[in-house]
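Here are my notes on the model you sent. Please read them with the structure open.

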Amino acid sequence: MIRLDVRQVPSLRMSVLSPIIALAVTVAAGGVLFLALGKDPVRVLSMFLVEPFNGVRALTELGLKCTPLILCALGLGLCFRSNVWNIGAEGQFLMGAIAGGGLALWVTNASAALSPWVFFPLVVVAGAAGGAAWAAIVALLRDRFNANEILVSLMLVYVADLFLSWLVFGPWKDPLGFNFPQTVQFAAATEIPRFVRGMRLHWGFAFALVAAVLMWLFMFRTHRGIQLQIGGPAPAAARYAGFSSRAAIWTTLLISGALAGIAGAFEVTGPMGQLTPHVASGYGFTAIIVAFVGRLHPLGAVLGSVVLSAFVIGGQLAQSRVGLPASVSGVFQGMLLLALLGCDTLIHHRPRLARWTWRAAP
Amino acid sequence: MSAPRLELRHITKRYGDVVANDDVGLAVAPGEIHAILGENGAGKSTLMKVVYGAVAPDAGELLWDGAPAAIQSPHDARALGIAMVFQHFSLFDSLTVAENVWLGLSRTVSLREVVEGIRGKAAEYGLDLDPDRPVHVLSVGERQRVEIVRALLANPRLLILDEPTAVLTPQAAEKLFETLRKLAATGCSILYISHKLHEILALCHQCTVLRGGRVVASCDPTRESTASLSRMMIGAEPPRLERRPANVGPLALSARGLALPGHDRFGVALEDVSLDVHAGEIVGIAGVSGNGQQELLAALSGEDPRADAGAIQLFGQPIGRMGAAARRKRGLHFVPEERLGRGAVPSLSLANNMLLTRHEALRAFGWIDRAALRHQASGVLRRYWVKASGPAAAARSLSGGNLQKYIVGRELDAVPKVLVVAQPTWGVDVGAAAQIRAELVALRDAGCAVLVVSEELEELFALADRLHVIAKGRLSPSIGSAEASVEQIGEWMSGLWTGGPGQAAALAGGAR
Ligand SMILES: Nc1ncnc2c1ncn2[C@@H]1O[C@H](COP(=O)(O)OP(=O)(O)OP(=O)(O)O)[C@@H](O)[C@H]1O
Ligand SMILES: [Mg+2]
């Protein structure tokens, strides 16, 4: 039997090693999984671990995937540290996409002559407003009626998704689009400026990196940031200090909703260029894993998003090249989270071999 | 005599640069009550955790009944028959008393048996305890009782008690001593840590004194005095508390007819509590823990803002519905009884813990001036004799007494207009306790209104100008501490004041 003894002091070595061990365990288990599916494990694993990093184009695609993951995970990390379990970033992402897409649609229809650099800050504000408004519903219900934010935020994902469908099947449908459920292609003025012509990576990526640094400053260098993080591990201390738990609920949800909304707005005005029913691509859910892989730390979110983006891209490659089912990529992501949470035990516990003893009661 | 029950040889334990235990040796005979004495941060708790397997020593060996033993975990220790009551409790808040005790026992006992066992032990040793109450509603004194009963239920051969009486009333402590003497008579060895020197004189057969992690003396306490023990420990006798008569100023903090229903069916309801604290005086509240102290403190501090606005007044302003931060802004500071998790966040550094109640290091938009914050925290460390590696040390790495000094120091340093403090010297060594009391008196003389809630009668008599007693959620009238006697306060603790909740016999006199 392996027994776990509580460590007196959390092991620093293990808190660094645990994500690495988790990654190794995931890779090993993934290899076995691919083998069992009759695929060449080395080839498939290299699609997940090597090819996403192979070459400039691959790296820019990786950065493109990282952008929404970083933005969503930043807000979620803040929420989770404050004991606010917002798992509906996907819904806030969608509402930001709708708000940002709606703005782009309006500019397109009005044929306004606008520089993309003027539109950029506008779409950030629109996305943030859309996402924050959606998260505000969660905050309101939790604050006024003590409704469980896990359920509410999750349910609102489906409401947002259906709302988007209604828009693109109904009022916002492209009249000349052969009845396809999608809006017109947005005008060029509404496209997020790209770093390099011909590559899809856009300035939203830089925005996300700056947001990560700002979030880090907010969390560890401002009073409000520290306050928010006390409510989780030490609620009695927060009450003693007089930090309001209501303020924590509102602040964290509004910030994370806004960030997820910006991610959604970038997605539709960046790579997509129109609204379709398929804006929801799971970034908001994958970001939960990113946040935990990054230890709920803003800079960790950047690293975590690289890992998870590679997994997403690898999954797509494996699907198109060797016909690996798309769901297997999801399984692979889930295995990483599971392995990580398992390895985290080692930070606070020391495993050791022991005999299993049943002793009689004294 | 046979081999000692426990023998330690050359035990050394380092935390970074700090040597918590340095080449420590001691032996405990069967049936011996052995005191470990030392100032805050001397390494007492660390040594006990080594014996209990909760901390692995860097060097040294341990002999059990004369044979070398490898105790690598608390599990191993329990298997040998070692039980420990930790200084910081290890109870799960959401579970009941019985469930908490059950967790530590072997798997073959049923919960019902545990409940009966607790009732039995509690009755046998006169420790009042309801096994069905959830732990989160218990005061620290009650939690201490849970830990003690849990340890006793294991029928140990070696019992380690790390400051078990820190928050027990003298009566409860006296009962505990009877228990311990009975237990020792049956051959159980006891390692006993306390900062209350008279307890060690009354109870212990042997005494080992630690200082800076080293054994500096061992003696037979029955031949010593508190003064000589104190000299061994801190090199001097604690200074006497100097106090002049109070120079009472205007009313600062008052409660009028304060009534609050209990938070749940286990909470104590406050009934018609009236209380005045004037600038320049120290008012004490005595009572057995669990009689409404927690609830009263939370209502006064603002952690529980359910009271009627006018029921609590600060300088004539109604504050009953204000939160803790708003009250603090008006000059009311509070030291809670739980150090870890309430007075300080265990995982945060001492500097960041400053931010719970102090905002001097904040700049525009709540930006933290880190240099100023570190400087402020270092100032408290220095002024209140806190032993810590520096302002960056995590709160949980401090020894119990040192964290207490830090929290009290943080609030004293704020120069409050009103200070409400629970158990001001809990777990603090005699030297530092004397200093904290002197600081409280100095604060009073500077015109601060001080309210002290404590279970230590001696401390209350030494500090307070007037005393109240709390029993079953009701507050007695106040009595000048010079006129009060220990006996009378003891009776009041059972609610036996005129109109009190234990009004079986209406007592006349004393009240004013
Ligand atoms: N987990 C830890 N990490 C770092 N330092 C520690 C840790 N635990 C204890 N120390 C240090 O070891 C020293 C001894 O601490 P210990 O808790 O044994 O003191 P103590 O004698 O029990 O004091 P007290 O009377 O205040 O309870 C202290 O200087 C303390 O800061
Ligand atoms: Mg200690």
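**Notes on the model**

1. The crossing of helices α2(A) and α12(A) is right-handed (the near helix is turned clockwise from the far one by less than a right angle). Helices are DSSP runs of H or I, at least four residues, and strands are E runs of at least two, numbered from the N terminus.

2. This is a predicted model; local features need pLDDT of at least 70, side-chain atom pairs count only at pLDDT 80 or more, while totals for chains, interfaces and linings use all residues. Residues are numbered from 1 along each chain as its sequence is written, chains are lettered from A and ligands numbered from 1 in the order in which they are written, and side-chain values use heavy atoms, without hydrogens and water.

3. The predictor gives the complex an ipTM of 0.84 and a pTM of 0.85. Chain B has a mean pLDDT of 89, with 97% of its residues at 70 or more (pLDDT is the predictor's confidence in each residue, from 0 to 100). Residues 504-512 of chain B fall below 50. Where pLDDT is low, the predicted coordinates should not be read in detail.

4. Chain B holds 16 helices and 21 strands. Its C-alpha trace spans about 70 × 60 × 45 Å along the principal axes.

Note on methods
Contact means heavy atoms within 4.5 Å.
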